[in-house]
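The plan is to look things up one at a time and jot down what turns up.

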Amino acid sequence: MRRGSIVGPVILIVIGAVFLLNNIRPDLSVLDMLASYWPFLLIAWGVLRLVEILISHTGAPQPGVNPGVQRGISGGEWVLIVFLCLLGSGAFFFKRHVGSWPPNSIRAKIIGDFGDAYDYPIEEKKTATGRAPRVLIENFRGNARIVGTDAAEVKVAGRKTVRALQQSDADEANRQSPVELNNQGELVVIRTKEDRSSSDRRLSADLEITVPKGATVEGRGRNGDFDISDIGGSVEISSDNAGVRVQNIGGGVRVDLRRSDIVRAVNVKGPVEVKGHGQNVELENIEGQVTINGFHSGDLQFRNLAKPLRFEEDQTNLRVEACPGQIRMARGYFRATDLVGPVQLTGRSKDVDITGFTQALEVSVDRGDVELRPVHIPLAKMDVRTRNGEISVAIPAGAKFDLRADVQKGEVQNDFGPVIRNESTGRGASLRGGVQDGPAIVLNADRGSVVVRKAGAEPVPPSPPVPATPSAPPSAKQSKLVLERN
């Protein structure tokens with residue numbers, strides 16, 4: 001008689017327990033639990049196998065004993081383990097990035113592709129409030145436009161769209177999901193009740209909301225855009241997938257998004273914080289500190305930031321004390337004008353172009369060209385490094401500096417003549433020297449080149465044209481010059 005392993009019966013017990021739990025407690029998401037905790041099956045399997053091996057080695061080998069117990073794990077079990085790992089990893093990925101399980105997700109997909117859209121007006125509702133209430137919008141799907149007004153009331157209107165296979169289903173879904181406006185004193189809650197509808201219908205509500213100008217607005221959604229303007233308080237938005245546009249905000253702005261096509265903030269008096277994943281970010285005229293964390297794959301633009309900017313993601317880190325000018329960056333480039341330092345920038349594959357900066361400047365990229373055009377005198381201290389690329393610095397006339405540039409494999413170019421020495425070191429080159437006792441400029445390139453060239457001082461505005469005297473009328477050449485200057 002062959003003595004087998006106890007792993008098989010234990011697996012049957014676990015599978016039976018899972019199905020029993022699903023029958024007894026259908027409200028529990030068993031599939032979500034398995035997607036998160038399936039590695040415990042491997043741990044339990046390994047512990048049982050280890051116990052069997054230890055027991056088998058305590059006595060003499062006996063004929064008829066399953067050789068898989070003595071070897072550890074058989075070949076068939078390894079195949080089952082690989083299959084379990086693939087299945088468990090796929091379930092976890094699906095749970096994390098999709099968020100719902102079949103058959104609900106399949107029905108929702110069918111409704112979205114083949115169902116008809118039915119529109120229903122949302123009856124206007126309003127409630128009297130103070131001058132500075134807190135307004136909470138729980139908008140699961142759809143768009144919300146919030147505008148501050150002088151009236152001391154909150155008013156809600158708009159329309160609702162239901163996608164369903166039949167008109168009767170859409171009517172029932174509309175009846176089950178009324179828009180509620182609850183006044184709880186200092187807190188006003190707006191709910192769309194879309195979660196009450198059956199899963200075989202898809203609902204979205206486009207809301208038009210007016211609030212007092214001194215209100216504080218908080219929005220929570222699953223899918224849809226928020227457009228907020230003329231609010232004296234702060235704004236906080238949290239959503240799975242949303243575009244956010246805010247303008248003329250008296251307080252701070254905080255945005256936490258899992259996915260977004262755009263975040264735009266204009267004329268904000270408080271701090272701005274953006275978290276999560278998205279594409280484009282546009283910030284302009286921000287009086288508070290700006291903090292951005294997460295991953296953004298699109299175009300990022302910053303203009304007229306009065307306080308520090310802190311930008312952190314997996315490939316780029318940026319610190320700037322203020323930006324009276326402009327910053328524009330994407331995955332492959334960084335361009336900026338008129339920065340207040342100290343400035344710190346690190347990146348992987350990125351071309352850097354900076355014109356006008358004060359205080360210290362530190363730039364470090366793995367791959368990319370770096371071009372610097374300081375226009376202010378005295379110069380700021382500079383420390384620039386690239387592993388593969390060209391470093392070019394245009395130094396204004398009359399500036400003092402102490403230069404130290406090194407290229408491991410490449411060449412150097414110097415436009416300042418004998419005040420800077422060119423030195424060859426094997427396959428590389430270096431520059432040493434400067435003008436009097438100026439700030440240190442350190443340039444390092446592993447592969448590439450370093451160019452130090454002269455640049456003009458800050459441009460001088462043109463002189464106004466000299467008007468012609470009555471006794472001597474201007475010649476044709478002088479008239480042409482005046483017209484060109486004007």
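**Entry 1: salt bridges, the count.** How many salt bridges does a search of the whole structure find? I get 26. A reminder to myself is that this is a predicted model.

**Entry 2: the overall tally.** The chain has 486 residues, and buried ones make up 38% of them. I find 8 helices and 30 strands. The accessible surface comes to about 26400 Å², and carbon and sulfur atoms account for 54% of that surface. I also checked how far contacts reach along the sequence. Taking contacts between residues at least 6 apart, 44% join residues at least 24 apart.

**Entry 3: a salt-bridge network.** Back to the charged side chains. Which residues are linked in a network of salt bridges? I note down Arg-134, Glu-138, Arg-191, Glu-218 and Arg-220. I then zoomed in on one pair from that network. Arg-220 bridges to Glu-218, and their closest N and O atoms are 2.9 Å apart. Are the two partners buried or exposed? Glu-218 is buried because its relative accessibility is 13%, under the 20% cut-off. Arg-220, at 38%, counts as partly exposed.

**Entry 4: a bridge between two loops.** Next I picked Arg-331, which forms a salt bridge with Asp-314. The closest N and O atoms here are 3.9 Å apart. Arg-331 sits in the loop between strand 20 (323–329) and strand 21 (333–339), and Asp-314 in the loop between strand 18 (309–312) and strand 19 (316–320), so the pair ties together parts that are 17 residues apart in sequence. Arg-331 is partly exposed at 24% relative accessible area, and Asp-314 is partly exposed at 45%.

**Entry 5: a buried bridge.** I also wanted Arg-432 and Asp-406. Their side chains meet in a salt bridge, 3.0 Å from N to O. The pair links distant parts of the chain, with Arg-432 in strand 29 (residues 428–435) and Asp-406 in strand 27, 26 residues apart. Both Arg-432 and Asp-406 are buried.

**Entry 6: the end of strand 27.** I stayed on strand 27 (residues 401–414) to look at Asn-414. With 17% relative accessibility, Asn-414 counts as buried. What do polar atoms of its side chain lie beside? I find the backbone nitrogen of Phe-416 at 2.8 Å and the backbone oxygen of Gly-417 at 3.1 Å. Skipping residues up to four places away in sequence, Asn-414 touches Ile-420, Asn-422, Leu-431 and Val-452.

**Entry 7: the nonpolar cores.** Which residues touch the most other members of the largest nonpolar core? Of its 84 residues, I write down Ile-146, Ile-190, Phe-302, Ile-327 and Leu-443. Apart from this core lies another, with 7 residues, including Val-162, Ala-164, Ala-170 and Ala-173. I then listed the contacts of Leu-443, leaving out neighbours within four places in sequence. Among them are Val-384, Ile-391, Val-393, Leu-403 and Arg-404. Asp-406, the salt-bridge partner of Arg-432, is also in contact with Leu-443. Val-452, noted under Asn-414, is another contact of Leu-443.

**Entry 8: a glycine in a loop.** Where is Gly-298 found? I located it in the loop between strand 16 (290–296) and strand 17 (300–305). Gly-298 is buried, at 13% relative accessible area. The C-alpha atoms of Gly-298 and Asn-280 are separated by 4.7 Å, though the two residues are 18 apart along the chain. Beyond neighbours within four places, Gly-298 is in contact with Gln-279, Asn-280, Met-329 and Ala-330.

Entry 9: Met-33, Tyr-37, Phe-40, Ile-43, Val-47, Val-51 and Ile-55 make a nonpolar surface patch of about 710 Å². Which helices each supply at least two of its residues? I find helix 2 (30–37) and helix 3 (39–58). Helix 3 gives the most, with 5 residues. Val-51 is in helix 3, and Val-51 is partly exposed, with a relative accessible area of 41%.

Technical notes. Residues numbered from 1 in each chain as written. Predicted model: local features only at pLDDT ≥ 70, side-chain atom pairs only at ≥ 80, totals over all residues. Heavy atoms only, no water. Core = buried A, V, L, I, M, F, W, Y, C linked by side-chain atoms within 4.5 Å. Buried < 20%, exposed > 50% of the residue type's maximum accessible area, 1.4 Å probe, protein only. Contact = heavy atoms within 4.5 Å. Patch = residues over 30% accessible without salt bridge, like charges linked within 9 Å, V, L, I, M, F, W, Y side chains within 5 Å. Areas by Shrake-Rupley, 256 points an atom, 1.4 Å probe, with all protein chains shown as cover. Salt bridge = Lys/Arg side-chain N within 4 Å of Asp/Glu carboxyl O. Helix = DSSP H or I, 4+ residues; strand = E, 2+ residues; numbered from the N terminus. Polar contact = N/O pair within 3.5 Å; in protein donor to acceptor, adjacent residues only side chain to side chain.
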